[in-house]
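Please find below a note for a colleague who is meeting this structure for the first time.

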Amino acid sequence: MQTKKRVGVITLPFTPNYGWLLQVYALQRMLEKLGYEPILIYRKWDKTKQNSGIINALKRWIYYHVLCRKLYIFFEKNFFKTKLYRDVECLKSVVDDYKLDAVIVGSDQVWRFENTRGAGYNFFLDFVVSENVSRIAYAASFGVDCWTGTVDELYTVRQLLKRFKAVSVRETTGVTLCRDVLNVKALLVLDPTLLLTSIDYNSLIRKNSLKSQETLSTYILDPSVEKDKLINNIALKKHLCVKSLYIDNRKGKIHTYSSLQYWLSGIRDAEYVVVDSFHGMVFSIIFKKNFLVLANKHRGLTRFESLLMMLGLKDRLVYDIDNIDYNIINQNIDYAKVDKLLEQQRNLSINFLRTNID
């Protein structure tokens with residue numbers, strides 16, 4: 001009897017971020033649907049003097065078990081994980097420890113160098129030594145449209161990517177960067193969250209989740225007076241009540257996080273959605289909402305532009321709040337066209353996984 005292929009998945013360490021949780025969940029769920037046995041490689045940043053000690057341990061406990069308790073519980077209950085690895089040398093044993101047939105790196109900004117130097121070259125799979133294990137990048141993201149590492153890092157990454165069976169990225173600029181700078185061919189694929197449908201995500205939302213009033217839901221990571229004014233104007237014009245899915249932190253309050261179910265239902269049950277978040281935009285599309293995206297240059301625009309252009313929704317991206325065309329707010333999105341384009345890309349993305357794992 002042939003056993004299922006076991007696929008290790010390595011991505012950025014746990015963070016109380018709805019998009020992070022859902023991209024990991026979606027990739028694991030799709031791998032299960034394809035008949036594989038996924039396992040999350042539980043990699044945290046290396047221990048240093050800055051993050052060790054009793055005080056930091058106490059801070060982490062409060063962080064995980066109080067401030068973002070609901071998201072951490074979801075993470076603990078819904079992911080099959082390896083033991084914890086906290087340095088490069090120990091991670092070299094993970095393939096043998098768990099008898100992995102393939103290792104996937106992705107998605108999220110796993111190739112944004114300034115954010116990942118705490119893990120060496122682990123996100124370029126330097127710890128995979130055996131040539132019998134397939135190395136695959138799925139929807140990896142640089143976060144920016146240019147190389148930000150050093151010349152030495154560039155040379156090392158080029159050598160590591162030569163060992164990959166296949167590389168895919170989630171932005172068109174990533175395809176170009178791979179080709180012109182890293183000397184590797186990359187395919188443009190969907191963010192893992194888009195591999196699943198609203199049916200899959202509805203199963204995560206409590207059945208008694210009902211909307212009590214007509215709402216304009218917002219998920220604004222970088223709030224401002226200008227954004228507040230626009231949101232209030234839209235709510236006034238459409239006679240909607242504003243519901244924020246992100247706590248406004250401008251007054252320096254300690255941040256707490258609502259449950260994943262609350263966040264998902266907040267988008268699903270809204271009449272209209274305004275976001276400056278990539279995954280806020282993604283789930284607006286998944287739940288077929290009329291929405292606006294406020295361009296967030298600080299967090300990288302290429303991923304927004306790539307997906308919206310792919311689905312014919314570029315007009316939903318607002319670059320200049322002060323000169324917005326309010327006509328777009330009253331235009332309904334033709335989701336029959338969007339779904340057709342999305343299904344084509346979903347099939348291509350799923351085929352990429354199936355082909356390269358098998």
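Predicted model: local features only at pLDDT ≥ 70, side-chain atom pairs only at ≥ 80, totals over all residues.

1. Six strands make up an open sheet, with parallel pairing and the strand order 2-1-3-4-5-6. Its edges are formed by strand 2 (37-40) and strand 6 (187-188), each of which pairs on one side only.

2. Strand 6 pairs in the parallel sense with strand 5 (residues 166-169) over two bridges. Within this pair, valine 169 stands opposite leucine 188 of strand 6. Helix 8 (residues 172-180) packs on the sheet and touches both strand 5 and strand 6. The direction of helix 8 makes about 140° with that of strand 5.

3. Burial of strand 7. Five of the five residues of strand 7 (residues 215-219) are buried, and the strand is therefore largely enclosed by the rest of the structure. The burial concerns both faces: Thr215, Ser217 and Tyr219 lie on one side, Leu216 and Thr218 on the other.

4. Strand 7 and strand 8. Over four bridges, strand 7 pairs in the parallel sense with strand 8 (residues 241-244). Threonine 215, one of the buried residues, stands opposite cysteine 241 in strand 8. Together with helix 10 (residues 225-238), these two strands make a right-handed β-α-β unit.

5. Strand 7 and strand 9. Strand 7 also pairs with strand 9 (residues 272-275), in the parallel sense and over four bridges. Here serine 217, likewise buried, stands opposite valine 273 in strand 9.

How values were computed
Residues numbered from 1 in each chain as written. Heavy atoms only, no water. Buried < 20%, exposed > 50% of the residue type's maximum accessible area, 1.4 Å probe, protein only. Pairing = 2+ DSSP bridges. Right-handed = clockwise from strand over helix to strand, strands pointing away. Contact = heavy atoms within 4.5 Å. Axes fitted to C-alpha atoms, helices over the stretch in contact; angles between N-to-C directions.
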